[in-house]
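Look over the sequence and model first.

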Amino acid sequence: MLSATASLVGWCLLHFLWQGALLGTLAWIALTLLPRAWVRLRYGVACALLGAMALAPLGTALALLPCPPIAVGTEARQGQGRAEGAPSAAAFALPTPGLKERLRRGLDGGAPWLALLWLPGACFFGLRMAGGGAWLRRARRRAEPVEGPWATRVLVLAKELGLSRMVDLRSLPDLEGPVVLGVLRPVILVPLSLLSSLPPEQVDMLLRHELAHVRRQDYLVNLLQRFLEAAFFF
């Protein structure tokens, strides 16, 4: 069972080499042809192809799973028909497998080893991704809620952008730039000195920009992208 699973994973990895290259080429062609002014369409195409990359291994696994065996009665009737009629095609099969068959057998034998080689790398990049997520969770807990006019301004801008969810504004001293966290309860983290050092007009534009990330669910898309980068690091 373990060997069969490793073989299936190995074949999925092998097939993703051409699947990922094909989807990446399609993304490059689409983003090259689409005008830069069509921001929403470009973003939608990129997200669709990213989702296709996530679904490609699943489709490969389903296609490679063995088919259910044929019923015994059906086999018996088919065998009786062949006995009474012409000889089966197996009688004319070559005694030795062809080049394609030998190549397939060689790859089938190496697929489990490929999965074993892939596993440590996927674990390493997965742990690195988990470490980044842990840092963000700690940053969210350490951040202090921003009170006053900017907190009110975030609520006003969120309503203007059609956001029905509450978006918290918090500050963190050692943060390098604004960060959006969370899906169900989004939070905008900003450096402590940013709100006081920039002109109000620039702060207002910055908050609009971060709220646009919240409305477009960029945090969720970024998680999917990071997961794919960890799984298909090669």
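A cavity here is a set of grid points where a 1.4 Å probe fits but cannot get out. The model is predicted. A search of the whole structure finds one cavity of 30 Å³ or more.

**The cavity**

The largest cavity has a volume of about 40 Å³. Which helices each supply at least two residues of its lining? They are α7 and α8 (218–231). The lining residues include Arg-165, Val-180, Gly-182, Val-183 and Pro-186. His-213, Val-214, Gln-217, Asp-218 and Tyr-219 also line the largest cavity. By class, the lining divides into five nonpolar, three polar and two charged residues.

**The sheet**

Four strands form an open sheet with mixed pairing, in the order β1-β2-β4-β3. β1 and β3 stand at the edges. Each has a single partner strand, so one side of each is left without a neighbour in the sheet.

| Strand | Residues |
|---|---|
| β1 | 144–145 |
| β2 | 168–172 |
| β3 | 179–181 |
| β4 | 187–191 |

How do the strands β1 and β2 pair, and over how many bridges? They pair in the antiparallel sense, over two bridges. In β2, Ser-171 is the bridge partner of Glu-144.

**The helix on the sheet**

Helix α7 spans residues 200–215 and packs on the sheet. Helix α7 touches β2, β3 and β4. The direction of α7 makes about 30° with that of β3. Helix α7 also supplies at least two residues of the cavity lining.

Methods: Residues are numbered from 1 along each chain as its sequence is written. This is a predicted model: local features need pLDDT of at least 70, side-chain atom pairs count only at pLDDT 80 or more; totals for chains, interfaces and linings use all residues. Side-chain values use heavy atoms; hydrogens and water are left out. Two strands pair if DSSP finds at least two bridges between them. Contact means heavy atoms within 4.5 Å. Axes are lines fitted to C-alpha atoms, for helices over the stretch in contact, and angles run from 0 to 180 degrees between N-to-C directions. On a 1 Å grid over the protein atoms alone, a cavity is a set of points where a 1.4 Å probe fits but cannot get out, and a pocket is an open set with protein on both sides within 12 Å along at least five of seven lines; lining residues have an atom within 4 Å of a point. Grid points are joined across faces, edges and corners, and a volume is the space filled by probe spheres set on the points. Ala, Val, Leu, Ile, Met, Phe, Trp, Tyr, Cys and Pro count as nonpolar, Asp, Glu, Lys and Arg as charged, and the others, Gly among them, as polar.
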